[in-house]
Amino acid sequence: MAGLNRRNFMKFGIASGALLAAGEGLKSQALAGTVKLQMGGKDFNFKTGTERKAIPTACWSCVTRCAAMGFVEDGRLVKMESNPESIRTLGKMCSKGQSGPNDVYFPDRILYPMKRVGKRGEGKWKRITWDTALTELSGRMKKLRDNGHPEKFMFHYGRMKASSSKLIKSVFLANYGTGTISGHTSICEGGKWVAQELTWGKHYDNWDFDKTKFVLNFGSNIQEAHTNHIPTSQRLIRAKVERGVRTVTFDVRYSNTAAKSDEWIPIKPGTDGAVVLAICNVIMKNNLYDKSFFKFIRATENVNASADEKISALKSHLSKYTPKWAEKITGVSASKIESTAKEFAKAKPAVVISYRGAVAHYNGNDTERGCQMLAAITGNIDNPGGRCRGIGPHWKYPKGPKDKPKAKKLKLAHGFPGTVAYPNHGVCQQVLPMIKDGKAGRPEIYMWYCHNPVYVNGDNQGNREVLKDEKMIPFTVTSNIVYDESSKLADMILPDATYLERWDWEDMVSPNQVPEYYIRQALIKPLGEARDLGDVVIELAEKMGMPLGVGSTKEEYVKKSHEMTAKAVKGFPGFDYMKKHGVWHDPNAKPKYYSHKKEIKADKLKDAILDEATGVYWNPKKAHAKNPEKGYAETKKAYKGYVGQKIGEKVYKSFPPDKVNKSGYLELYSALLKKKGFAPLPTYYPIPEHEKMKPDELHLTTYKVAVHVHSRSTHRKWLSEIYHDNPGWMNPKTAADRGIKDGDKIKVKSPIGEIVTNARVTEKIVPGVIAISYHVGREESGRYGSGRKSPVAGGANDNDPDLKNKFWDTYGMHPNWIIPNSDDPINGQQRWMDTVVTVTRA
Amino acid sequence: MSKKDSISRRDIIKTGGAMAAVVAAGLLPKKAEAAKNGTPRWAMIVDLRRCIGCRGCCVADKSEYGAALGRYNTVVKNVEFGKYPAPKKYFLPRLCNHCSGGEKDVPPCVEKCPEAKSGKRMKLGKTRYRTGATYKRPDGMILLDMSLCIGCYKCIDACPYGVRSIDPFVKLTRPDREKDFGVGKCTFCQHRVDKGIAPSCVNTCQGRARIFGDLNDPDSKVAKLAREFKLLENRDKTTLLPGEKTEPYNLYIDPDGILARYKITKETKLEEFKSRFE
């Protein structure tokens, strides 16, 4: 024995593990130094020791969509973990992901198709068969289509991504012929995306924490919730602890992100843009900018300006935004702004991050553009450690019938006419108000998916009245797993499969600039009669006599996508490998940076023409331009023909446009904004409501916590167990001025209504503000989320032994009742953080 | 093969023994014996710099065990202090301390358990031990055998940390006790660790704030961290309730002195060991 070397020893350890697995008991326990614990990938029943079946899949709790592993025992999904092979998640998972099994087995889940029998909203239902449901729905849809009005079928989705989006939207809805489609991005972060499209083109900024030296945060709560949470949050904390990377967070609220930052700098709501501009002012004034990057910047009307001219234009524009000026507006001291600016400029590389706290305001567009400016003038754009362009995989997928009809649409998805300059990501909060208004027409069938329109938008009361009114919308239908506030107002409910019971290919952005291909596979058969909407639309199309030709199930669609991708992507290993491993990335791929520096060679320019006004080389044929002589800027969707940007004597890929005809420069000077009457350079716009505030009024701000997902998780018992109440946070000074003590009942009144909730007096918020999270305050979310048993047809699953262990009887108060639906005039972002309220003891 | 790989077992034991002697002066002969016998000493190190309060661990545990609502094997507490504009908030993950038991070498829960030795004779490596309703395995895990439990709940009272609770999902099996519920707590995921897989909470922890491993293996991450941060020498600053002298093996890296700000009393210990925030 003494002669055994360590390698043999390891073997012995493994052998003893195998013996244990065979039920040999503990007597052959491995010895110290021999046990090399594996981090995951396997799980066992804690009572019997039996190994659980591990199946790679992908989470769907939030939009991060982490690669995951499901563990199944006797046909039941018992446990989720991350996928240890994933380069995005590095084998880690958050509380939301861990609560996955609750999504399948919560007792109030909708398991059978249901049809309304009472008045709309009355809550009386009968169970129907799938055949009855789809015969009725396809009959109604077919009638509209046959009459030449497919646009009267409106589809409104909350989250629909990757293969689900391609199959349902690009194949099914396109083949049906309706363009009356709305997403939900403007109540999320649509404004941020538009601001990016107006500056560097295609949206999504990845923050390269692995390589950065300094993090400057405006209104992102990345450590609790983010569009790419697990991949980025773990890298941020790792950078801090292992490399001493400093984080400075500007926020109204001391969030968990602020708590894990080196500095929290409290700021008055809606004024982040003023700090950003003042920081840029300090950097330009002190010549701390990175001159080399100015080559790719547009900072003047003249697209051929020299770097010095651009620098001088920015210096001049920014000269009024001094730290002293910003101090008066924001409450942040001029010296702090000055020192933060210098720290940011000198830490190379540094990354500026931003999210809704900064963006979901009247002036959010220019706050985000200001962040782009800060990154650009310091050369922290698409560089290792900076603000990088998001990289995701490029799946190939079947597109369905070639000769699709030209889509007809009701103009309901992009806001009231003339109210939003660039609604590139829709203005979904105005969909129901516009239906009420009626001028853009009204749908005869309104279908929503993974969405709860009367809860997640503002003005909950107004939206309910619209959705409830059969005269405004004759037929309402949803595909859902949970009976929520909106399903209550449906005429028909289809029982959706959960994400753990369905197939997808997935494509979320990688934190390390190397794309990862990954899939979601069904871990178990759907409960009851639940069906994935992806499968349902294939059958609906058949019933309407318009077959999609993409396979008979979503699984087949996903499989076909794998076959197509294998032909297009070098090294892609195919469906069997993906089912076994769940994830794949090209092991030889290098992280992608500096794509703007790529020169466009002459042969690529032969079908392109130079637009002198913008310096853009574009291919009018590719853009389907009928009159190219109108020029690049004035031709509808000319951006689709973009080839490169002429800079000096060379042509670069630079920053290709998306959704709007931007030049190929990183446009700090936006000709597009100027055209619509806005300032072309990032500018500070005060928020009109805030300018008129009286001394006794407060800002209302909303936020997310680490253990819930939007409005989609309160039925998950392990999450609601931790968080089921949302008192309004108030600073002690704010509370004392109003005679309010911690725990007091308070009335919060806005111009559109009032709510009664409780006060939480806390040091973790700036004075003059009340902050209320929006996950809870559910009226319908089953027993765990709302205390109400859902009237689901076919009977609820009451086998959950935890029903008698539930100990909470408070469910919070939703703030969206008193927040109006109101848009950023540039980008259509719902202005979540601009509402002015009075707060009194109730 | 690297030089490190070719260390013989004897060398490992030697180094292990030397390490134990150096870092844990005052290690009792019995423990040294276990170490010499090659038994692991499992420990959980919680790095408070790294915990971001996501509660992934709490829910992972719920799922791993199907734990009843209201009952917890692990929790994360918010520790808050300071005034605006400089408030402070820290996250303090808590679990069973898997106490060694200090000078007596018997942790209080085992000491108070009337059935602590009523189970089978077992051997872990060369080290003999006996199971019980609550017992300590030679590798340091404090484990439960509910087929032996009589439901006296003295262990719940005995644990100064409040990590034990009545488990409504476990019925006792001893005659006359069939109507009573059992007791639950963190087991360091013994069922995973025995098969070479890290505990569920460690697996999921995105901050890598939970580090689990064998202190008797000098090359393990926990042994290295214990040396770097002197976790075993400074138990008054690296463990909860050092005054209880239970010698926890849930050790904290706590450069900002958060443990000292966190209070557990006999009256509040059970209420405190719950996971909830607003």
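Hi everyone, let me start right at a helix crossing: α9(A) passes α12(A) in a right-handed crossing, where right-handed is said when the near helix is turned clockwise from the far one by less than a right angle, and left-handed when anticlockwise. Before going on, a word on what we are looking at: this is a predicted model, in which local features need pLDDT of at least 70 and side-chain atom pairs count only at pLDDT 80 or more, while totals for chains, interfaces and linings use all residues. Residues are numbered from 1 along each chain as its sequence is written, with chains lettered from A and ligands numbered from 1 in the order in which they are written.

Back to the crossing. Helix α9 covers residues 272–285 of chain A and helix α12 covers residues 334–346 of chain A; they pack at an angle of about 65°, and their axes are 9 Å apart. Axes here are lines fitted to C-alpha atoms, for helices over the stretch in contact, and angles between N-to-C directions run from 0 to 180 degrees.

Who makes the contact? From α9(A) we have A:Val275, A:Ala278, A:Ile279, A:Val282 and A:Ile283, and the α12(A) residues include A:Ile337, A:Ala341, A:Phe344 and A:Ala345. Contact means C-beta atoms, placed from the backbone, within 7 Å. By type, the residues of this contact are nine nonpolar, one polar and two charged. In that count Ala, Val, Leu, Ile, Met, Phe, Trp, Tyr, Cys and Pro are nonpolar, Asp, Glu, Lys and Arg are charged, and the others, Gly among them, are polar.

The largest nonpolar core has 280 residues, and A:Val275, A:Ile279, A:Cys280 and A:Ile770 touch the most other members. α9(A) gives this core its largest share, ten residues. By a nonpolar core I mean buried Ala, Val, Leu, Ile, Met, Phe, Trp, Tyr and Cys residues joined through C-beta atoms within 7 Å. Buried means 20 or more other C-beta atoms within 10 Å of a residue's own, exposed means 12 or fewer, and partly exposed is in between. Beyond its neighbours within four places in sequence, A:Cys280 is in contact with A:Leu318, A:Gly370, A:Met373, A:Leu374 and A:Ile377. There is also a second, separate core of twelve residues, including A:Val616, A:Trp618, A:Ala625 and A:Val643.

Now the sheets. In chain A, seven strands form an open sheet with mixed pairing, in the order β5-β4-β17-β16-β15-β6-β7. Its edge strands are β5 (125–127) and β7 (181–182) of chain A, each pairing on one side only. Strands pair if DSSP finds at least two bridges between them. A:Val477 stands opposite A:Met492 in β17(A), and A:Met447 stands opposite A:Val477 in β16(A).

Why is β16(A) largely enclosed by the rest of the structure? Because five of its six residues are buried. Helix α4 (residues 130–146) of chain A lies across β6, β15, β16 and β17 of chain A, at about 120° to β17(A).

Helix α18 (residues 533–543) of chain A has buried residues too, among them A:Leu533, A:Val536, A:Val537 and A:Ile538. Their cover includes α5, β15, β16, β17 and α19 of chain A. Just after α18(A), A:Gly545 takes a positive phi of about 70°.

The other sheet I want to show has four strands, β21-β22-β23-β24 of chain A, open and antiparallel. β21 (609–611) and β24 (650–652) of chain A are its edges, and neighbouring strands are turned by 35° against each other on average, direction ignored. β23 (residues 642–647) of chain A and β24(A) pair over three bridges, and A:Gln645 stands opposite A:Tyr652 in β24(A).

Finally, a quick look at chain B. Its secondary structure comes to ten helices and eleven strands, and 52% of its 278 residues count as buried. Thanks, everyone!

How values were computed:
Helices (H or I, at least four residues) and strands (E, at least two) are DSSP runs, numbered from the N terminus. Two residues are in contact if their C-beta atoms, placed from the backbone, lie within 7 Å.
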